[in-house]
Amino acid sequence: MLKNMLNKLSLYLMNKQLNAEQNKNNPDASKINEALSKSLQTNLNNLKTIMSSSNDFIVREFSLGLNQGIHAGLVYVDGLTNSQTINESIIEPLMYKSQMVPLPKDKNIGIEQVMQSLLSVGEVKEIAQIDEAIDAFLNGDTVLMVDGCPKALQISTRGWEKRGITEPSTETVVKGPREGFTESIRVNTSLLRRKLKNPDFTLEALTIGRKTRTVIMIAYMKNLADENIVQMVRDRLKKIDTDSIFAAGYIQEYIGDAPFSPFPTTHYSEKPDVIAARLLEGRVAVLTDGTPFVVSVPMFFMECFQTGEDYYVSYFFASVMRVLRYVSFGISVLAPAIYVALTTFHQELVPTKLLISMASAREGVPFPAALEAIVLLLAFEIIREAGIRLPRPVGQAISIVGALVMGQSAVQAGLVGAPLVIVVAITAVSNFVVPTLSDVATQVRFLLLLLAASMGGYGIVIGLLLMLVHLSSLTSYGVPYLSPYAPLHPRDLKDSFIRAPLWMMISRPTALAGKDRKRRNITAPVKDPTSKP
Amino acid sequence: MNTHAVRHFGIRIAAILLSLLLLCGCWNRRELDTMSIVLGCGIDKGEKPGEINLICQIEKPSPAGGEGGAGAPAAKFLNVVNKGTDVFTILRDCNSQLGRKLYFPHNQVLIFGEDFAKEGIRKQLDFFLRDPETRMTVMVFVAMGKASEAMNQPTVMEGAPVIDIVNMLQSQENTSEAPQIEVLDLLTALISPTTSAVAPLVSIEKDGDKTKSVVAGTGIFKGDKLVSALNGVETRGFLWVKGKVKSGIINFPFMDGDVSLEIIKAKSKVKPILLPDGTPMVKVEVTETSNLGAQNSMIDMSSVEMMNMLENRSAEVIKSEILYTLQKTKVLGTDIYGFGDLFHQHYHKEWKAMEDKWKDLYRDLKVEVTVKTQLNATGKVTRPAYPPVQKQG
Amino acid sequence: MNTAAKDQISSRDLLFSAAAYVQASSLLTAFITGTLRQSSWVGTVAAYALALILLAILLFLFKRHPGMGLVQLNDAVFGKVAGRIVSFCYFFFIFTLVSLNIGDLNGFLNSYILSDTPPIAIVVPLMLVCVIAVRKGIDSVFRLGPLFSALQIITLILFTVMLIPNMKPANMLPVLDLTPKEFWQGTNTLYSLPFGDLFIVILAIPAVSNIKNYKSIIFKGFTIGAVITLLIVITDTLVLGPLLSNITLPRFLSIRLINVADVFTRMDIVYAYVLIVLRYFKLCVLLYVCSLLLAQIFELKSYVPLVSTLGILTAIYSLFLFRSGSESSEWAANTAGIYGTFFNTLLPLLTFIVYLIQLLLKKLKAKTS
């Protein structure tokens with residue numbers, strides 16, 4: 001009780017101190033709530049000061065109208081804009097064609113309308129605040145200001161270098177679309193639009209991150225998604241108060257349900273077809289500018305074992321593969337623990353001949369089985385981590401040296417027993433069958449190994465029960481995590497550990513939404529009319 | 001979720017779990033190289049009265065290493081012999097002798113020496129029944145002679161002699177000359193007030209100047225004392241009634257030669273009947289199927305008439321085997337078939353009166369044996385390898 | 001729309017949870033096979049019938065007092081002071097029930113699987129998991145009910161199939177070779193402890209679901225659990241026959257005998273695992289109801305702080321409840337029947353009778369006034 005109070009108190013004080021420091025040191029530029037002034041020069045000078053006259057901040061002053069009577073100024077950031085649009089669609093018509101258009105006598109009113117009729121650009125918006133203007137050109141738009149006019153025009157001229165649409169490296173498929181999201185959010189929304197040509201597909205934009213001002217978009221299908229879940233997503237995103245959002249991982253952590261759980265409660269994917277399918281099930285997706293990973297919620301545990309490809313190959317094979325993934329996850333989590341439990345506590349469960357050969361393998365090995373297992377698992381993690389960081393040419397050598405030579409020599413030197421090396425190898429390989437859970441598996445594996453080393457099979461049972469308790473109480477946006485297993489929905493089991501034929505999966509997941517449950521009509525596969533009845 | 005509360009709770013849980021790990025010391029932990037795996041046990045009568053010799057056959061693994069892919073190293077065995085008054089104290093001595101604790105769950109065989117079995121096995125059997133480590137599927141044998149010798153014979157195939165013995169017992173299915181008795185069966189027979197326990201026999205035969213162990217025949221107990229034995233053929237008579245004959249060869253002279261029939265399968269149905277005057281009667285019905293295995297005569301046996309004659313003849317042979325064994329047990333007064341229990345199950349009200357008199361009732365028990373045989377096939381050839389001869393007579 | 005019902009349990013989940021609750025005791029049938037021997041299955045059927053009657057009484061009482069828990073019911077029938085005393089009796093019964101269940105599991109694990117481990121190291125981790133689970137919300141425990149139930153049903157079918165070579169139909173006889181005293185004793189034991197405490201599940205229902213008429217659900221779940229127990233008893237009888245009265249844990253022994261093609265040997269670990277998992281489920285429900293009752297008796301706002309305390313107390317209590325395993329078996333075979341019957345039959349019966357008398361008095365009053 002006392003500790004609890006002390007904890008709360010210390011965090012509260014720390015927070016307060018940081019806030020005070022922050023407000024003293026740098027007043028946030030984006031919090032300026034001033035309006036644009038009527039004078040062009042004032043505006044331009046303000047903006048130059050705020051941008052510290054950065055090298056890529058371009059200010060272009062020119063005159064419009066007959067006799068070049070009206071002064072205007074254009075600000076944009078070089079590198080974020082499509083210079084062709086600026087030159088051809090903004091500057092050229094304004095500078096040249098404006099001479100042919102009669103300008104209103106009263107310069108304050110109507111100048112924007114005239115501008116808008118001259119500009120041959122698609123998206124034009126009026127803005128009146130300085131922070132809106134800053135937001136505009138920092139995002140690649142051009143801001144047009146006219147002397148004597150308190151409003152400015154935000155013209156869409158975005159265009160920058162970006163990675164082209166390529167096959168995502170983390171989710172390769174054999175038989176499905178190979179497009180992947182890129183770092184530009186507009187490209188991503190376009191990819192989704194092309195999959196969901198439906199007016200119900202809604203996009204809501206937010207800006208998050210004090211310093212990075214990253215654009216986040218919430219995507220959902222209006223009449224399919226549960227409005228409560230959408231509202232929850234909005235609320236949680238609005239609550240994010242941080243400096244930077246660089247990657248989807250940040251969003252996942254902030255809007256995920258159980259920050260202390262090793263299990264992921266938000267799903268991410270790099271492929272538009274996966275996200276589109278999930279939107280059609282009634283889920284909500286969050287797109288982040290600057291990262292090709294799109295987060296979608298809510299998430300079920302069984303989704304960790306699904307891949308997009310399951311739906312493109314034959315259902316029987318897909319079902320077998322699903323079951324295989326569950327089994328592999330089980331092996332990667334339980335194998336070392338079971339081995340240790342069997343050899344140190346429950347030798348009566350091993351067939352006699354196997355026991356004799358295992359006993360001979362362990363003669364002369366100095367360490368207890370549990371310690372061996374921990375050391376070997378650690379060694380595997382080291383090799384794996386090193387393998388990721390190594391440059392490609394060196395990687396091959398390390399894998400050969402590390403895995404084969406070290407393993408072989410260790411066995412021959414009598415430091416570890418051969419069966420254990422095999423167990424660890426199988427564990428390692430099956431770890432990667434379910435990539436979403438590979439980090440989870442590592443943690444759970446160690447926990448189970450420690451429990452098995454102290455209490456044998458009973459320890460494993462306790463560990464599994466703990467995991468089960470944790471999983472069954474986890475909810476992702478109000479939906480139980482273990483659906484459709486734990487609140488048993490037999491209708492949804494068709495897509496869990498098996499993949500039923502597409503024509504059988506006629507309803508959307510029960511746990512997600514209730515509005516439009518019917519996915520498709522049941523139609524049995526078409527019979528060949530020429531075959532005999 | 002309140003992150004402070006969660007963290008607090010999480011810390012508490014972690015502390016408890018960690019302390020659990022630290023203080024446990026893993027009581028039940030046994031490393032493989034601290035145990036000696038017992039493969040078989042034998043009990044012999046000791047020199048002093050009231051003493052027994054306990055022989056434990058332990059598998060002795062050779063350390064691995066060296067060539068990695070040479071296959072499983074050949075396991076040697078070790079017989080540890082100790083004397084004492086009862087099994088449990090002897091086991092402690094064994095442990096101190098070896099420096100490793102004996103490990104029983106993989107014990108496969110329990111052999112009683114002949115002298116020891118004649119004096120009663122109940123007292124020493126108790127350890128094997130009670131201890132949670134031992135299992136009830138252990139095979140029981142009685143050795144003709146000393147159990148220690150039976151466990152020490154040079155092996156034919158496998159590493160340890162006891163495994164050899166088990167394998168031999170299992171291959172007995174081919175000849176049906178020894179019953180397969182587990183401790184469970186022994187226990188069931190011992191707690192029954194009327195049934196006599198049986199166990200297969202292991203004997204040592206000389207083969208030139210080498211000796212080898214042979215599994216054949218049955219030992220019969222009265223109560224828990226060994227009283228008699230049945231040879232191979234008599235055992236088969238016993239197994240016919242129990243319905244445990246799986247395979248075998250029936251040999252008999254027929255016409256001008258000998259015929260061997262190979263038993264394919266056999267079933268038996270035993271029904272206890274209480275006659276109106278209160279005498280018990282047992283009806284045994286044996287159904288057997290066989291193939292023509294070999295014949296030593298010139299006659300073509302493949303005609304239906306011949307097959308029928310063969311069937312009848314083989315039925316007579318089987319019946320005589322059964323009756324012979326039955327008579328022998330009647331004389332001994334040992335109900336090895338469990339007929340008494342059958343009456344207990346089907347006529348339990350009348351059984352209370354019959355139970356004490358069962359020994360006498362068994363001696364005069366009317367047993368009606370019917371055997372039905374069927375000859376299925378004659379193999380690859382129909383006629384023997386003789387030029388065709390006219391059927392005589 | 002399932003939003004509002006997201007924390008609630010569906011009726012199917014509830015059904016199988018009730019079944020899992022009964023199944024939790026089905027593996028330790030040793031206490032009746034000792035007395036009833038080969039007629040254990042008859043005793044099982046008889047116990048089932050008796051328990052149905054008890055359930056009917058309780059369900060009737062609850063139906064007449066909608067929205068009330070046990071404590072409120074007792075208050076309404078007996079008046080505040082006597083009602084609290086009666087509720088406290090129930091609480092005490094459930095408290096010892098938790099310790100008994102832990103003790104059973106402890107005994108089994110200590111004698112067969114982990115023989116050198118001091119019992120406290122077995123009890124503490126399991127209790128810890130139960131406490132965590134109950135604190136997180138009993139509904140997540142109920143969600144797993146069908147899973148555990150299905151697990152046991154599947155393993156049961158597998159084991160039965162694998163035991164077919166070991167079964168001898170003649171082992172079912174002799175039937176009813178018992179004195180009436182033995183028969184009633186065995187039936188009473190089975191009825192009072194494993195079957196009779198199904199009413200505790202009824203007490204847990206209000207927290208986990210909105211289902212109003214759970215009568216048929218409870219009956220169906222109970223029937224499933226009873227059928228499983230019956231199957232287990234019959235299988236054991238078929239395999240072991242006359243040995244049944246000799247063996248301390250017949251189910252365990254039967255499973256140890258499984259030897260299919262030398263591949264499926266030594267399946268006892270599966271048995272142990274299923275036992276632990278089912279017991280955990282039952283312990284969670286018991287612990288929850290225990291805390292709930294205590295909280296309601298003393299009118300506390302929430303039962304959550306009581307859970308860990310009660311968990312620790314019951315764990316320690318289970319350690320010195322019996323001096324030895326044999327004392328526990330003897331108590332279970334002889335005394336448990338009467339002890340349990342007092343709480344789960346006599347008390348409800350008393351409540352029922354008093355309630356009827358009250359009704360009668362009210363009717364008389366209405367007539368006269």
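**Notes on a predicted model with chains A, B and C**

1. Start with chain B. Chain B holds 12 helices and 13 strands. This is a predicted model, so keep that in mind throughout. Of its 393 residues, 37% count as buried.

2. Now look at contacts along chain B. Take the contacts in chain B with a separation of 6 or more. Residues 24 or more positions apart account for 70% of them.

3. Chain B is split into two parts by the domain assignment. Domain 1 of chain B covers 31-61 + 74-230, and domain 2 of chain B covers 231-393. Note that domain 1 of chain B is written as two segments. The centres of domain 1 and domain 2 of chain B, taken over C-alpha atoms, are 31 Å apart.

4. How many residues of domain 1 of chain B are in contact with domain 2 of chain B? There are 21 on the domain 1 side, and they meet 22 residues of domain 2 of chain B. On the domain 1 side, strand E8 (210-222) and strand E9 (225-230) of chain B each supply at least two residues. E8(B) gives the most to that side, with five residues. By class, the domain 1 side of chain B has eight nonpolar, 10 polar and three charged residues.

5. Turn to chain A. Its domain assignment gives domain 1 (30-155), domain 2 (185-299) and domain 3 (315-446). Between the centres of domain 2 and domain 3 of chain A, taken over C-alpha atoms, there are 37 Å.

6. Chain A contains an open sheet of five strands. Read across the sheet, the order is E1-E2-E4-E5-E3 (chain A), and the pairing is antiparallel. Which strands form the edges? They are strand E1 (57-64) and strand E3 (124-127) of chain A, and each pairs on one side only. From one strand to the next, the twist averages 25 degrees.

7. Strands of a sheet pair through backbone hydrogen bonds, and the pairing may be parallel or antiparallel. In this sheet, E1(A) pairs with strand E2 (residues 70-77) of chain A in the antiparallel sense, over eight bridges. To find this pair in the viewer, look for A:Ile58, which stands opposite A:Tyr76 in E2(A).

8. Helix H2 (residues 40-50) of chain A lies across E1, E2 and strand E4 (142-146) of chain A. H2 of chain A runs at about 15 degrees to E2(A).

9. Next, the record. An unreviewed UniProt entry lists residues 323-345, 413-434 and 446-469 of chain A as "transmembrane region". How does the model draw the span 323-345 of chain A? That span is 96% helix and 0% strand, and its end C-alpha atoms lie 30 Å apart. Residues 413-434 of chain A are 64% helix and 0% strand, with end C-alpha atoms 34 Å apart.

10. Finally, chain A meets chain C. Here 27 residues of chain A are in contact with 30 residues of chain C. Helix H15 (438-473) and strand E12 (479-480) of chain A each supply at least two residues of the chain A side. What gives the largest share of that side? H15(A) does, with 11 residues. By class, the side of chain A that touches chain C has 16 nonpolar, nine polar and two charged residues.

Terms used: Residues numbered from 1 in each chain as written. Chains lettered and ligands numbered in written order. Predicted model: local features only at pLDDT ≥ 70, side-chain atom pairs only at ≥ 80, totals over all residues. Helix = DSSP H or I, 4+ residues; strand = E, 2+ residues; numbered from the N terminus. Buried ≥ 20, exposed ≤ 12 C-beta atoms within 10 Å, placed from the backbone. Contact = placed C-beta atoms within 7 Å. Domains from an automatic or database assignment. Nonpolar A, V, L, I, M, F, W, Y, C, P; charged D, E, K, R; others polar. UniProt positions renumbered as here; feature names shortened; annotations may be inferred. Pairing = 2+ DSSP bridges. Axes fitted to C-alpha atoms, helices over the stretch in contact; angles between N-to-C directions.
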